[in-house]
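Me: I would like to go through this model with you. Could we start with the terms and then move to the details?

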Protein chains: 2
Amino acid sequence: MGDIRYPLSFNQYTAKTKWTLRQAIEGCARHGVTGIAPWRDKLAECGVKTAAKLIRDAGLKVSGLCRGGMFPAADAAGRKAAIEDNLRALEEAVGIDARCLVLVCGGLPVGSKDIAGARQMVKDGIAAILPHARAAGMPLAIEPLHPMYAADRNCINTMAQANDICDELGEGVGIAVDVYHLWWDPDLKAEIERAAKTDPRRIQAYHICDWHYDTKDRLLDRGMMGDGVIDLPLIRKWVEDAGYEGYAEVEILSSRWWDADPDDVMRLCIERHRTVC
Amino acid sequence: MGDIRYPLSFNQYTAKTKWTLRQAIEGCARHGVTGIAPWRDKLAECGVKTAAKLIRDAGLKVSGLCRGGMFPAADAAGRKAAIEDNLRALEEAVGIDARCLVLVCGGLPVGSKDIAGARQMVKDGIAAILPHARAAGMPLAIEPLHPMYAADRNCINTMAQANDICDELGEGVGIAVDVYHLWWDPDLKAEIERAAKTDPRRIQAYHICDWHYDTKDRLLDRGMMGDGVIDLPLIRKWVEDAGYEGYAEVEILSSRWWDADPDDVMRLCIERHRTVC
């Protein structure tokens, strides 16, 4: 298995500000990239049916739809609204034949200091949509986010937490492994092994970028693969050994790269994917 | 134990830019704060002997000296220099009768992507200074730092890692529990219990501040207690139940609070310590 290099998928937020979904699809086709990961706001602009046709006609596969989740809310009405929104996200994921619906699970409800409570709300939310996901044949992929987003974006911050939820809820829910969020975790290797041991299909997605040594911004300073400190071949080996089959999805949220020419960014992604991932 | 409120100690970096160590000591005395935590750069400006006398005359206790650590380096000479610097830090900690020497252990050597290797260097570094710390009767306190500092400041990012090192190295090395770095960790309660069970004195220091919901800066946006999302009474209860006896050391690295009048900041720390901690 040592020589597998996962094909590249282009998460469209890598060119968030300059490309529509149609332009991102055309960009992938132009550069020979075979996978794409749309975001729902861009998908809504394009329309699901139109997007599905464009993606199909370009010969692309969808490595994942970003994103469902955001389950915690201050009251029951808010949590119900979140679940309804996730059901719409599921339909959209089915509509573009996504490999999975990525879940960024949500942080603390406004005014709350109860992170354990928020984590329970996440589990309850996933449990509520899971029967629909199973019926639709659409895997859910919990994406643990870096602990620096625990308050405002996602209270699921380690692979261990994600594995625990998967163990409890069973078939139909898996994990998106994003090196940016997880590279620092001393238990990462063990938890990837645990995922594979329990269910070879548990790892639903593999996201790449890099962590700048002296990260300047909490949100928009992700690095191009090779420009940071993450040992990408090592983590790739771990997911390979876990039997992951799918794309290496490049997702770089970065004001620097958003300012650049998206064609240049895509060319560099392709080159770095080849040389350092 | 439910009513214990740890006395307040003032980490001088809460007023880093406007107060010398002498001014911080005078501020504590003026406001009735009984603990202080100097930083080595400020201590060097003042001189260890002078500082020791000022602290003693003001009737203050030193909850910890910030900081030793920074063990990893690209070559053996660099690692040796780090150990020598830590031995000087130990002498300084003894000189001001500190409760412990806080260790911010260090991140990746420049150019390295080997976080496991850096973690080994940290363990080796602590092991190298530990006999000296024991001989001096000066406890070492590993301070796990938030995972967002794993690359550039400290590759020890969870209480579990710190407990593992303490287990391995034995008597004389403990942990500084800082809510800012650890609040998000789903294993925090269990790891505090583990620390207490192994050695009731393992928790050497307890640092407080708050995490802003929408933290703007990775380094200098720590919050005043009560202005963020950390459940401070809950974590205080955990360290109480663990038998911790010592100070609640307020350490707020914040460009906002650094710009304010340090006397106002100290007054607010005292008030919040009374009302929300």
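Reply: A residue is called buried if 20 or more other C-beta atoms, placed from the backbone, lie within 10 Å of its own, exposed if 12 or fewer do, and partly exposed in between. Strands (E, at least two residues) and helices (H or I, at least four residues) are DSSP runs, numbered from the N terminus. This is a predicted model, in which local features need pLDDT of at least 70, side-chain atom pairs count only at pLDDT 80 or more, and totals for chains, interfaces and linings use all residues. Residues are numbered from 1 along each chain as its sequence is written, and chains are lettered from A and ligands numbered from 1 in the order in which they are written.

Me: Strand β7 of chain A, then: is it enclosed or open?

Reply: Six of the six residues of β7 (residues 173–178) of chain A are buried, so this strand is largely enclosed by the rest of the structure.

Me: And how many bridges join β6 of chain A to β7(A)?

Reply: Three bridges join β6 (residues 140–142) of chain A to β7(A), and the two strands run parallel. A:I142 has A:I175 as its bridge partner in β7(A).

Me: What percentage of chain A is buried?

Reply: Of its 277 residues, 54% are buried. Chain A has 11 helices and 11 strands. Its radius of gyration (over C-alpha atoms) is 17 Å, close to the 19 Å of the globule rule (2.2 Å times the number of residues to the power 0.38), so chain A is as compact as a globular protein of that length.

Me: Switching to chain B, what is the strand order in its open sheet?

Reply: The nine strands follow the order β3-β2-β1-β11-β8-β7-β6-β5-β4, with parallel pairing; two strands pair if DSSP finds at least two bridges between them. In chain B, β3 (61–62) and β4 (65–69) stand at the edges with a single partner strand each, so one side of each has no neighbour in the sheet.

Me: Which helix packs on that sheet?

Reply: Helix α5 (residues 115–136) of chain B does, touching β5, β6 and β7 (173–178) of chain B. Contact requires C-beta atoms, placed from the backbone, within 7 Å.

Me: Last topic: how many residues does each chain give to the contact between A and B?

Reply: The contact takes 22 residues from chain B and 22 residues from chain A. On the chain B side, 12 are nonpolar (Ala, Val, Leu, Ile, Met, Phe, Trp, Tyr, Cys and Pro), six charged (Asp, Glu, Lys and Arg) and four polar (the others, Gly among them).

Notes. Two residues are in contact if their C-beta atoms, placed from the backbone, lie within 7 Å. Axes are lines fitted to C-alpha atoms, for helices over the stretch in contact, and angles run from 0 to 180 degrees between N-to-C directions.
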